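Visitor: Hi, I have a model open and a few quick questions. Could you start with the ground rules?
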Amino acid sequence: MSPTILLLLALGLGLAGWLAARARAWTLRRESADGRLSSLPTYHAWYVALWIVLPVLAFVVLWSAIAPGLISQAVLSSPAAADLPAFGFQRQTILNEARAVATGAAPAVFNPQARDLVEPFRDALSYYNTIGIVVTLLIAFLAGTWAFLRLKPDFAARTRVERIVMAILLAASLVAILTTIGILASLIFETVRFFGMVSPIDFLFGTHWGPDPMANPDNPDASRYGAIPLFWGTLFIGAIIAMIVAIPLGLMSAIYLTQYANPKVRSWVKPALEILAGVPTVVYGYFAALTIAPAIRDLAIDLGASNPSSESALAAGLVMGVMIIPFVSSMADDSIAAVPQSMRDGSLAMGATTNETIRRVLVPAALPGIVAGVMLAISRAIGETMIVVMAASTAANLSGNPLESMTTVTVQIVAMLTGEGSFDHPATLSAFALGFVLFMVTLGLNFVALRVVKRYREAYE
């Protein structure tokens with residue numbers, strides 16, 4: 001049975017419990033001596049509904065995880081599965097065909113051996129679906145009855161409901177924390193494995209990047225794993241060229257929209273500017289590869305450059321800068337708009353011009369939000385992949401010439417993890433080491449942004 005059906009059943013049972021508990025609360029209110037309840041009838045209803053829905057949802061999640069294994073085990077133990085091949089992949093293919101026909105996802109099987117397994121699958125599905133429905137109803141009935149019997153005129157249903165909701169919110173907040181911890185743990189584990197094969201000194205300070213997936217993993221050439229060209233390419237494209245474009249344009253657009261534009265112009269320009277943040281990066285990549293990169297190459301030829309490449313760090317950085325303009329502009333816009341109007345009026349009253357007020361009052365007061373927007377934009381830029389692949393190539397190059405092809409950390413992570421590489425080879429494990437370094441850099445930028453915001457926000461409160 002589809003988990004969706006069980007979820008709908010849980011919601012239906014919760015609704016029934018909600019209605020029954022609300023009716024019971026109104027009855028208790030009429031029967032009480034003073035005609036009052038400790039909590040509103042709505043809180044009694046939500047108390048019973050939550051006690052029905054939450055245990056049922058927990059069972060549905062658990063049952064969805066274990067039911068497929070039980071069904072497969074029941075089919076494999078049937079006489080029809082005695083002639084299945086011993087090879088795991090081939091056996092699983094036959095089972096998947098039979099399951100698809102039994103569930104109605106496919107009209108027929110292609111493998112003759114799967115035909116005899118359709119009926120055992122149907123029987124197992126019917127049996128375990130029945131178990132799932134029965135247990136769902138039983139859990140809902142027991143939990144709902146227990147909660148329903150606790151309803152009394154002096155029952156503090158509101159307090160109990162708020163505690164349950166608080167526990168749900170706490171669990172939701174822990175998901176992000178636990179996910180971050182899991183990501184970091186996996187990166188650390190694989191990075192330690194990589195550094196057991198390649199010295200961290202060679203990796204962090206080497207100037208040549210050329211991993212060989214076909215080399216002997218027991219004796220890798222550590223000199224081929226120097227990541228300095230990747231770090232430089234990431235910094236040069238994402239934190240220098242892109243920021244040279246994004247910071248001035250984003251900040252000036254924010255100043256114009258908050259200080260000079262009339263409301264009608266702002267209502268059109270601001271949404272149009274923020275649309276840039278919703279454009280898929282592959283579209284930016286096509287634009288960079290087909291329009292910006294050839295234009296830069298032709299301009300370089302006209303200026304006398306010899307053999308300029310059609311893939312350059314400048315093309316990728318320019319388009320990346322345009323892509324992250326909304327990150328800078330939106331944060332700066334909100335920060336400038338949040339500056340108290342009295343500060344602006346006081347500056348103008350003292351004889352300062354609008355230009356002087358912006359430079360000496362508004363921008364310093366809005367500096368925390370502006371810095372946070374810049375840090376967010378840098379974090380977004382150094383994690384970009386598609387634009388670099390399509391406009392700056394995948395060649396690791398340690399150069400200060402923006403007209404040459406370069407690559408970034410994220411591009412090499414994709415290159416190392418795609419294909420048929422073994423996860424025990426240092427070439428593949430190097431992707432995790434690169435990801436760990438990128439994670440730490442992004443985390444450091446976030447800490448810097450939070451520190452700046454906290455420090456200057458206290459000064460202007």
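Guide: Happy to! Buried means under 20% relative accessible area, exposed over 50%, and partly exposed in between, using a 1.4 Å probe and protein chains only. This is a predicted model, where local features need pLDDT of at least 70 and side-chain atom pairs count only at pLDDT 80 or more, while totals for chains, interfaces and linings use all residues. Residues are numbered from 1 along each chain as its sequence is written, and side-chain values use heavy atoms, leaving out hydrogens and water.

Visitor: Thanks! Is Glu 190 buried or exposed?
Guide: Glu 190 is buried, with a relative accessible area of 14%. Its side chain meets that of Arg 193 in a salt bridge (3.0 Å, N to O); the term means a side-chain nitrogen of Lys or Arg within 4 Å of a carboxyl oxygen of Asp or Glu.

Visitor: And Arg 193, buried or partly exposed?
Guide: Arg 193 is partly exposed, at 27% relative accessibility.

Visitor: How many salt bridges does the structure hold?
Guide: Eight salt bridges. Another one joins the side chains of Asp 333 and Lys 270, at 3.5 Å from N to O. Asp 333 is buried at 1% relative accessibility, and Lys 270 is buried at 15%.

Visitor: Which residues are linked with those two in a network?
Guide: Arg 266 and Glu 274 are linked with Lys 270 and Asp 333 in a network of salt bridges.

Visitor: New topic: what does Ser 335 touch?
Guide: Leaving aside residues up to four places away in sequence, Ser 335 touches Ala 366, Gly 369 and Ile 370, where contact means heavy atoms within 4.5 Å. Ser 335 is also buried, with a relative accessible area of 15%.
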